[in-house]
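Okay, thanks for coming, everyone. I'd like to walk you through one structure today, so let me put it up on the screen.

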Amino acid sequence: MNPLTETVARRPVAVVVVTWNSAAVLPGFLDALPAAMAGLDWRLVVADNDSADDSVAVVRKHAPDATVVETGRNGGYAFGVNAALRAAGAFDGDCLAALVCNPDIRMAEGCAATLVAGLGDVLPDGTRAGIAVPLLYEADGALVHSLRRESTLTRALGEAVLGNRRAGRFPRWSELVTAPDAYAARTSPDWATGALMALSAECLADCGEWDESFFLYSEETEYCLRARDLGHRVRLEPEARAVHLGGESRVSPRLWSLLVVNRVRLYRRRHGLTATTAFRGAVLLRELSRAALGRPPARAAVRALLGRPRRDTGGRPAGAA
């Protein structure tokens with residue numbers, strides 16, 4: 001059944017946001033919500049991971065009807081998502097769908113309705129669309145390559161040799177999807193970056209909570225692959241659009257090394273030790289080649305992959321997936 005045609009026990013869409021020192025980006029997100037959610041009944045639930053700034057006060061000022069969950073600690077992104085989903089009743093079937101958002105997302109008008117409308121559709125392989133994602137753009141209007149293929153040894157080697165953007169045009173050689181036609185129509189990638197995704201009630205019921213062992217990065221990958229294993233596919237809805245102001249992992253050595261290490265951790269969850277050793281070696285080769293060019297994030301990733309990370313001195317960014 002198409003969610004927008006549901007007539008029995010009409011349920012709202014839960015808009016779930018995790019904040020950590022997000023006061024600077026929250027007003028733009030909150031101000032865009034009414035137009036973005038047009039056509040839907042919705043409720044906003046914000047999980048604040050012990051912000052030291054005015055994040056909670058900003059929410060209460062700009063969205064006084066929102067439910068605010070103060071978690072009391074920075075337990076990571078999945079930890080916050082789970083706290084907000086529980087407060088929304090999303091695991092109990094109280095919601096038609098859940099929209100999981102970073103606070104640095106700016107949804108276009110009608111974005112949410114387009115995402116929710118596609119949930120539950122039967123795909124050609126007999127699975128259902130359980131997760132819907134939009135086209136994402138940078139603040140300058142550049143398209144974000146947000147679609148991904150599942151990690152394989154061949155793809156890790158392809159990225160090490162060719163670079164992920166060049167290799168991304170070829171499904172066999174890269175996890176990153178860069179072919180323009182992949183973003184021009186509805187398509188079903190293995191997973192997508194988690195800055196904004198709609199989850200169906202059925203997907204939430206079958207998959208349960210997000211994996212909190214991933215503090216930041218790979219939590220959305222794990223969730224999407226687990227959903228696929230249970231018959232709920234990711235689908236790109238190209239008519240839904242949003243701007244993502246994030247991207248700190250590109251420049252922060254600490255965040256990039258966390259992203260790289262968690263990618264290997266997740267691969268180990270789904271493969272044997274021998275395959276993981278080879279995969280780690282391919283990922284290390286890629287980071288070594290970039291470290292040789294003097295790139296600090298790559299040097300940090302090499303240290304982390306070799307088990308010699310620098311002391312952790314920072315928290316998670318204001319909003320990143």
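This is a predicted model: local features need pLDDT of at least 70, side-chain atom pairs count only at pLDDT 80 or more; totals for chains, interfaces and linings use all residues.

Is Ala291 buried or exposed? Its relative accessibility is 17%, and since buried means under 20%, Ala291 counts as buried. As for what it touches, if you leave out residues up to four places away in sequence, you get Ala298, Arg299 and Val302. Ala301 is 10 residues from Ala291 along the chain, and their C-alpha atoms are separated by 8.8 Å.

Okay, staying with H10, let's look at how it packs on H9. Just as a reminder, you describe two packed helices by the angle between their axes and the distance between the axes. Here the axes of H9 and H10 come within 9 Å and cross at roughly 160°. Anything over 145 degrees counts as roughly antiparallel, so that's what H9 and H10 are. Which residues of H9 and H10 make the contact? On the H9 side we have Trp256, Val260, Arg263, Val264, Tyr267 and Arg268. On the H10 side, the contact residues include Leu273, Phe279, Val283 and Glu287. The crossing of these two, H9 and H10, is right-handed.

Now, the rings. How many aromatic pairs does a search of the whole structure find? Three. Take Trp210 and Tyr223: they're stacked, at 4.9 Å centre to centre with 20° between the planes. That pair links distant parts of the chain, with Trp210 in the loop between helix H7 and helix H8, and Tyr223 in helix H8, 13 residues apart. Trp210 counts as buried at 3% relative accessibility, and Tyr223 is buried too, with a relative accessible area of 0%.

Then there's Tyr267 with Phe279. Their ring centres are 4.0 Å apart and their planes are at 5°; under 30 degrees counts as stacked, so this pair is stacked. This one also links distant parts of the chain: Tyr267 is in helix H9, Phe279 is in helix H10, and they're 12 residues apart. Tyr267 is buried at 6% relative accessible area, and Phe279 counts as buried at 0%.

One more thing on rings: Tyr77, Trp210 and Tyr223 are linked into a cluster by ring pairs.

We also have arginines sitting over ring faces. Arg73 lies over the face of Phe79, 4.3 Å from the ring centre. Arg148 does it over Trp191, at 5.7 Å from the ring centre.

On to H5. Which residues of helix H5 are buried? Arg155, Ala156, Gly158, Glu159 and Ala160. The buried residues of H5 pack against helix H6, H9 and H10, which brings us back to the helices we started with. Just after H5, Gly163 takes a positive phi of about 90°.

Last stop, the other end of the helix list. Helix H1 and helix H2 pack at an angle of about 25°, with their axes 10 Å apart. That angle makes H1 roughly parallel to H2. From H1 the contact uses Leu26, Pro27, Leu30 and Asp31, and from H2 it's Ser55, Val58, Val59 and His62. The crossing of H1 and H2 is right-handed.

Notes
Residues are numbered from 1 along each chain as its sequence is written. Side-chain values use heavy atoms; hydrogens and water are left out. Rings of Phe, Tyr and Trp (its six-membered ring) pair if their centres lie within 6.5 Å; planes under 30 degrees apart count as stacked, over 60 as edge-to-face and the rest as tilted. Helices (H or I, at least four residues) and strands (E, at least two) are DSSP runs, numbered from the N terminus. Buried means under 20% relative accessible area, exposed over 50%, partly exposed in between (1.4 Å probe, protein chains only). A charge sits over a ring if NZ of Lys or CZ of Arg is within 6 Å of the ring centre and within 35 degrees of the ring normal. Axes are lines fitted to C-alpha atoms, for helices over the stretch in contact, and angles run from 0 to 180 degrees between N-to-C directions. Angles under 35 degrees count as roughly parallel, over 145 as roughly antiparallel, 65 to 115 as roughly perpendicular and the rest as oblique. A crossing is left-handed if the near helix is turned anticlockwise from the far one by less than a right angle, and right-handed if clockwise. Contact means heavy atoms within 4.5 Å.
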